[in-house]
Amino acid sequence: MKFLLLTFVGGVHLLSLSSGKTIYKNDISQRSFQEIKEEIASYGDVAKAIINLAVYGKAQNRSYERLALLVDTVGPRPSGSKSLEKAIQIMHQNLQEDGLENVHLEPVKIPHWERGEESAVMLEPRIHKMAILGLGSSIGTPPEGITAEVLVVTSFKELQRRAPEARGKIVVYNQPYVNYSKTVQYRVQGSVEAAKVGAVASLIRSVASFSIYSPHTGIQEYQDGVPKIPTACITVEDAEMMSRMASRGNRIVIQLKMGAKNYPDADSFNTVAEIIGSKYPEQVVLVSGHLDSWDVGQGAMDDGGGAFISWEALSLIKDLGLRPKRTLRLVLWTAEEQGGIGAFQYYQLHKANISNYSLVMESDLGTFLPSGLQFTGSEKARTIVEEVMSLLQPVNITQVFRAGEGTDINFWIQAGVPGASLLDDLYKYFSFHHSRGDTMTIMDPKQMNVAAAVWAVVSYVIADMEEMLPRS
């Protein structure tokens with residue numbers, strides 16, 4: 001997943017636009033903001049009913065229990081794997097049995113990479129077996145491995161300055177963790193930058209907010225015209241240790257073995273289900289999460305939780321006998337971890353209908369207790385979303401932040417469709433992200449209940465309002 005910088009947005013727009021004057025002029029609507037505000041307020045009882053069902057009623061803990069059954073049954077679901085395709089078939093059946101409409105699979109082609117056996121052993125200045133995880137799409141080493149001296153750097157700038165020292169060595173990056181969006185560039189581009197200066201492999205400090213000697217994997221990208229070298233992530237602890245050793249003048253030697261292989265693209269599917277709209281069925285509010293994961297842990301947090309609260313949102317609405325004016329479409333993406341591969345193909349297939357998409361939503365930053373909603377769209381649309389979020393006062397989650405985003409919905413957002421994502425405890429999220437620790441143990445059923453309630457209220461109200469969200 002990707003993460004962008006967040007900025008809190010207060011109620012200033014509400015104060016300046018609540019005078020009753022028309023705010024759309026020659027735009028979509030001639031209604032005053034006061035009229036729109038009153039329309040949203042009329043959903044108060046419906047919002048309470050959704051919250052009560054999700055948090056206190058018969059549906060409480062349902063999303064957690066559904067998720068646990070899937071991830072305990074199939075385990076991690078890497079792109080191109082049999083376990084991912086098994087999960088997709090199970091979800092296809094689950095959505096049909098849940099009574100949702102237009103349940104179907106949309107075929108796509110996705111990458112297939114396997115890490116194989118891997119190890120890294122420090123030979124000098126002492127023997128030390130290191131915990132590593134190869135990075136997605138990396139090539140492997142020769143069977144005998146690569147044994148080479150280490151060059152430790154803390155930035156790309158330092159690597160360029162010390163380029164003459166890098167040839168024939170393994171470059172170790174000990175970059176500080178600033179935030180995910182800034183620091184992840186070392187994981188994505190580290191091997192290319194090391195290869196440009198003649199390195200034979202690269203090891204990247206895990207992009208994590210906290211570590212208990214835990215390597216964190218993720219995608220990396222090669223570049224045409226630059227030699228491909230093996231690359232893996234190492235723990236924060238080992239990166240810092242080698243940095244200290246190097247500062248003392250110690251010679252560090254590592255033997256790296258990686259059995260990673262890239263295979264031809266595999267067949268897969270985006271999984272789709274709907275509640276068809278009663279008045280404007282051609283118009284869509286899309287709710288989503290991705291079903292694939294990395295090959296370690298269970299993929300419970302990233303992004304099982306997001307996928308399952310998205311399913312739960314439709315289940316809650318259906319259970320209450322509600323049918324919004326617009327179609328609510330659930331999409332469970334495939335191959336998000338490889339850069340939104342399944343979602344890009346969905347966008348290519350459906351972009352001709354872009355004018356009919358009122359809002360695209362993705363939950364891919366955890367389903368702990370939400371801080372609020374991230375939103376990207378016009379200022380007029382933002383004032384509406386802020387009003388919708390006020391309906392969630394019973395669970396005290398009403399804030400609207402900037403930078404609504406998600407790897408799978410960014411294609412739509414960049415084309416002008418309003419987008420929303422669930423904001424969560426990012427310190428906790430990036431402590432377990434892409435690691436063996438991403439299991440059901442870190443999930444909390446009560447927090448998932450609240451996250452599902454937020455997701456359901458927002459998606460239902462925006463799907464049922466008389467007008468689509470205005471665009472810029």
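Contact, as used in these exercises, means heavy atoms within 4.5 Å. The model is predicted, so local features need pLDDT of at least 70 and side-chain atom pairs count only at pLDDT 80 or more, while totals for chains, interfaces and linings use all residues. Residues are numbered from 1 along each chain as its sequence is written, and side-chain values use heavy atoms, with hydrogens and water left out.

**Exercise 1. Surroundings of a lysine**

Task: Find where Lys325 lies, decide whether Lys325 is buried or exposed, and list what Lys325 touches.

Solution. 
- Step 1. Locate the residue. Lys325 belongs to the loop between helix H10 (300-319) and strand E13 (326-333). Helices (H or I, at least four residues) and strands (E, at least two) are DSSP runs, numbered from the N terminus.
- Step 2. Check the accessibility. The relative accessible area of Lys325 is 18%, so Lys325 is buried. The classes are buried (under 20% relative accessible area), exposed (over 50%) and partly exposed (in between), with a 1.4 Å probe and protein chains only.
- Step 3. List the contacts. With residues up to four places away in sequence not counted, Lys325 touches Tyr43, Gly277, Ser278, Lys279, Tyr280, Pro281, Ala463, Asp464, Met465 and Glu466.
- Step 4. Look at the side chain. The side chain of Lys325 reaches the backbone oxygen of Asp464 at 2.7 Å.

**Exercise 2. Aromatic rings**

Task: State how many aromatic pairs the structure holds, and classify the pair of Tyr429 and Phe430.

Solution. 
- Step 1. Count. The structure has 15 aromatic pairs. Rings of Phe, Tyr and Trp (its six-membered ring) pair if their centres lie within 6.5 Å; planes under 30 degrees apart count as stacked, over 60 as edge-to-face and the rest as tilted.
- Step 2. Classify. The ring centres of Tyr429 and Phe430 are 5.0 Å apart and the planes stand at 90°, so this pair is edge-to-face.
- Step 3. Tyr429 is buried, at a relative accessible area of 0%, and Phe430 is buried, at 1%.
- Step 4. Look for a cluster. One aromatic cluster is formed by Trp333, Phe344, Tyr346, Tyr347, Tyr357, Phe411 and Trp412.

**Exercise 3. Charges over rings**

Task: Which ring does Arg66 lie over, and which ring lies under the charged end of Lys428?

Solution. 
- Step 1. Apply the criterion. A charge sits over a ring if NZ of Lys or CZ of Arg is within 6 Å of the ring centre and within 35 degrees of the ring normal.
- Step 2. Take the arginine. Arg66 lies over the face of Trp311, 3.7 Å from the ring centre.
- Step 3. Take the lysine. The charged end of Lys428 is over the ring of Phe368, at 4.3 Å from its centre.

**Exercise 4. Backbone geometry**

Task: Describe the peptide bond between Glu124 and Pro125, the bond from Asp302 to Asp303, and the phi values of Asn102 and Ala403.

Solution. 
- Step 1. Glu124 and Pro125 are joined by a cis peptide bond, with omega about 5°. Pro125 is in the loop between strand E3 (118-124) and strand E4 (128-130).
- Step 2. The bond from Asp302 to Asp303 is also cis, with omega near 5°. Asp303 is in helix H10.
- Step 3. Asn102, a residue other than glycine, has a positive phi near 50°. Asn102 lies in strand E2 (residues 101-114) and is partly exposed, at 41% relative accessible area.
- Step 4. Ala403 is not a glycine, yet its phi is positive, about 65°. Ala403 sits in the loop between strand E16 (400-402) and helix H13 (410-414) and counts as buried, at 16% relative accessibility.

**Exercise 5. A buried glycine**

Task: Place Gly340 in the chain and name its contacts.

Solution. 
- Step 1. Gly340 is in the loop between E13 and helix H11 (341-350).
- Step 2. The relative accessible area of Gly340 is 0%, so Gly340 is buried.
- Step 3. Leaving out residues up to four places away in sequence, Gly340 touches Ala335, Thr407, Asp408 and Phe411.
- Step 4. Gly340 and His290 are 50 residues apart along the chain, and their C-alpha atoms are separated by 9.1 Å.

**Exercise 6. The whole chain**

Task: How many helices and strands are in the protein chain, and what percentage of its residues count as buried?

Solution. 
- Step 1. The protein chain has 15 helices and 17 strands.
- Step 2. Of its 472 residues, 62% count as buried.
- Step 3. Among contacts between residues at least 6 apart in sequence, 82% join residues at least 24 apart.

Technical notes. Polar contact = N/O pair within 3.5 Å; in protein donor to acceptor, adjacent residues only side chain to side chain.
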